[in-house]
Amino acid sequence: MNQTSLDTLLVELQTEELPPKALVKLGAAFAAGIANGLKARDFLEADSVVTPYASPRRLAVSITKVRATSPDKTIREKVLPVTVALDKDGNPTAPLAKKLAALGFPDLQVADLERAQDGKAESFFYTYSAPGSQLAAGLQPVLEEAVAKLPIPKVMSYQRPDGDTVQFVRPVHTLLALHGDTVVPLSLLGLQAGRTTIGHRFLSNGQPFDIAHADQYDTVLKEQGKVVATGEERKEFIRTQLLAKAGADQVLMPESLLDEVAALVEWPVVYECRFEDVFLSVPQECLILTMQTNQKYFALTDADGKLRSRFLIVSNLQTDDPSAIIGGNERVVRPRLSDAKFFFEQDKKKTLESRLPLLANVVYHNKLGTQLERTARVTRLAGSIAKRLGYDVLLAERGAQLAKTDLLTDMVGEFPELQGIMGTYYARNDGENEEVALAASEHYQPRFSGDALPSTNTGLVVALADKLETLVGIWSIGLQPTGEKDPFALRRHALGVMRMLVEKRLPLSISELLADAAAVFETVPNFKDPRAEVTAFMLDRLRGMLRERGFSPNEVEAVLAQNPDRVDDVVQRLEAVQAFAALPESASLAAANKRITNILKKNEEALAQAGNVDPALLQDQAEKNLYASVQRVQPDVDAAFARGDFAGTLRTLAQLRDDVDAFFNDVMVMAEDVALRNNRLALLAILHRMMNRVADISKLAA
């Protein structure tokens, strides 16, 4: 091996089939572990490129510009403090001789050492050049560390041909390690490194073959081994074939399914299959889910989103006559679809209402009772919210009453992911009002970031009630989120509530909503009212949501610092604050408002006694001018605010900039005369209230 060369390094573990759901993480961790370890040991260039490979039967990494030998290093080693190294006469001590021997320099003399300041004392140092390490010596511990740290879901013990028992995620058959065209002498799991690998289990000739040079790995694997080694390339290869086979239809290909299928095949080939049209009478969500979850198939819909009776499969075999593959998959899927059809037909024989009492057999939480008790709480809360909004209370209560009953159906028992969706189908079958039927699915919305909000009034009310009951109930028993842990998804529930209040412009008070929610727990033993904590938690979620929408932290804080009880107009207030911040007067007024806030906070007792402004006590021209300006703009501010013109409210305030600046330049607020001082505080209080109608603009000066 050329000791000064830069060349591509290739390391591969060829294994039995790896767990598909873990393959992406395993491949990334294997590559990162080796690359980071070599970088820390100075074997890589700044522009070395790392390429991870992960297929069903191999983990590998390719790294360009890897050094055969790491560079020599200049090392400055601290030996001993001078007071320890020398005795009182300045002669070397025994500890010094012992230390030098331990460092590998027994023949060094005191004259060879550097004497330098070390904190408050002096120490001896020795500087020397350490030769670089050869790649094999550096890579061996790196490989061992990388393998030891792999995120293996479950370790497997297996016996090597030599009789030794080793552990890994799956049995490893070969270890390949090349630096350019040279084998790097490594060992792992009882294997010695070579240049040999193996290709596709069926499409290659079944014989091991050599990789001549590390740069040829990807090409040789494809051409000779019929293996696409990188997961992303296999995934995109599958995506391209799916789209081509779909033709005019739409192919449903969630990324999670693409990732899993790409981890199951080495040479993906897409084929078209069909099932009988009779199954299309089953809700298509059921058929799609069973195809995706159980069989890893890709469903097709027409342009209107209606399921087709043809579907696509990804095979690991390429053949001129795929009839056996197609026929086998069609036979396999038929019982699955038959089960779905059976569940659907059986479930329709019982109404959702008849299942309601059975919720008493389902424990929600041992401290909060059964699902039936929870349903009663959500029903009562939904009715209260509907009444506040002027919506149909009976529909809201009916929607809440039936919302969880599909949990007791055979279909949801088989496919929990369909809860809510099946409730809507069954409610329609039972002849329930359409809004009640939709509430069964809509009350789960929004289920994730960016998900749609409920489309109906009933769905909206039940969604609010369901989430608020969860927040207050779970928080009351001390199971609020801690760190990264949030097993009851309270962050998602709180964010969902805030999204509905903001985006639907609901004129609802947070305190009243939480009071209604707390009231439904009146019969729950040892209930601890968590409203204050939940309010703060919800407003924190709102802060994050607004920042994600592009508002600055200062702008968000200006609107939320006063802990608003209603948030239906929060976006409009923020847009007004943004517009105000762009005005030339904004910085001065924000600074003045901050100053006013501090003055009033320090003089709360005096302010309580101040009363109204007495014009007769105004002495300085600057305070007279400010009072006159406040009186002049007050009606315009009130009118703009009343009609919801928040931008107009703040624009009107901008007119006060010069008078406010003059007041603080010329007027001593804290005058010795108590009456004069209180009068000026009263004037500032009026100004403060007017300036903070839309937002606390002092936060813009933060």
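Which helix gives the most to the lining of the largest pocket? The legends below take up this question and others, using a predicted model.

**Figure 1. The largest pocket and its lining.** This pocket has a volume of about 420 Å³. It is lined by 22 residues. Closest to the pocket centre are Lys-404, Gln-419, Tyr-444, Arg-492 and His-493. H16 gives the most to the lining, with 3 residues. Three helices each supply at least two lining residues: H11 (371-389), H16 (457-476) and H17 (490-503). Sorted by class, the lining holds 8 nonpolar, 7 polar and 7 charged residues.

**Figure 2. The second largest pocket.** Here the volume is about 250 Å³. The lining is made of 15 residues. Val-24, Ala-54, Thr-230, Gly-231 and Glu-232 are the ones closest to the centre. Which elements give two or more residues to this lining? They are helix H1 (23-40), strand E2 (50-55), helix H6 (231-246) and helix H7 (255-262). The class count is 8 nonpolar, 3 polar and 4 charged residues.

**Figure 3. Asp-466 in helix H16.** Find Asp-466 in helix H16. Is this residue buried or exposed? Asp-466 has a relative accessibility of 5%, so it counts as buried, a label used for values under 20%. Its side chain makes a polar contact with the side chain of Arg-374, at 3.0 Å. Leaving aside residues up to four places away in sequence, Asp-466 touches Arg-374, Val-378, Lys-404 and His-443. Two of these names link back to the first view. Lys-404 is among the residues closest to the centre of the largest pocket.

**Figure 4. Gln-167 in strand E8.** Gln-167 sits in strand E8, which covers residues 165-168. Which side chain does the side chain of Gln-167 join through a polar contact? The partner is Ser-157, at 3.0 Å. Ser-157 is also one of the residues that Gln-167 touches, once residues up to four places away in sequence are set aside.

**Figure 5. Gln-167 and Gly-550.** This view pairs two residues that lie 383 residues apart along the chain. How far apart are the C-alpha atoms of Gln-167 and Gly-550? They are separated by 50 Å. Gln-167 marks the strand E8 end of this pair.

How values were computed. Residues are numbered from 1 along each chain as its sequence is written. This is a predicted model: local features need pLDDT of at least 70, side-chain atom pairs count only at pLDDT 80 or more; totals for chains, interfaces and linings use all residues. Side-chain values use heavy atoms; hydrogens and water are left out. On a 1 Å grid over the protein atoms alone, a cavity is a set of points where a 1.4 Å probe fits but cannot get out, and a pocket is an open set with protein on both sides within 12 Å along at least five of seven lines; lining residues have an atom within 4 Å of a point. Grid points are joined across faces, edges and corners, and a volume is the space filled by probe spheres set on the points. Helices (H or I, at least four residues) and strands (E, at least two) are DSSP runs, numbered from the N terminus. Ala, Val, Leu, Ile, Met, Phe, Trp, Tyr, Cys and Pro count as nonpolar, Asp, Glu, Lys and Arg as charged, and the others, Gly among them, as polar. Contact means heavy atoms within 4.5 Å. A polar contact is a pair of N or O atoms within 3.5 Å; within protein, one must be able to donate a hydrogen and the other to accept it, and residues adjacent in sequence count only if both atoms are side-chain atoms. Buried means under 20% relative accessible area, exposed over 50%, partly exposed in between (1.4 Å probe, protein chains only).
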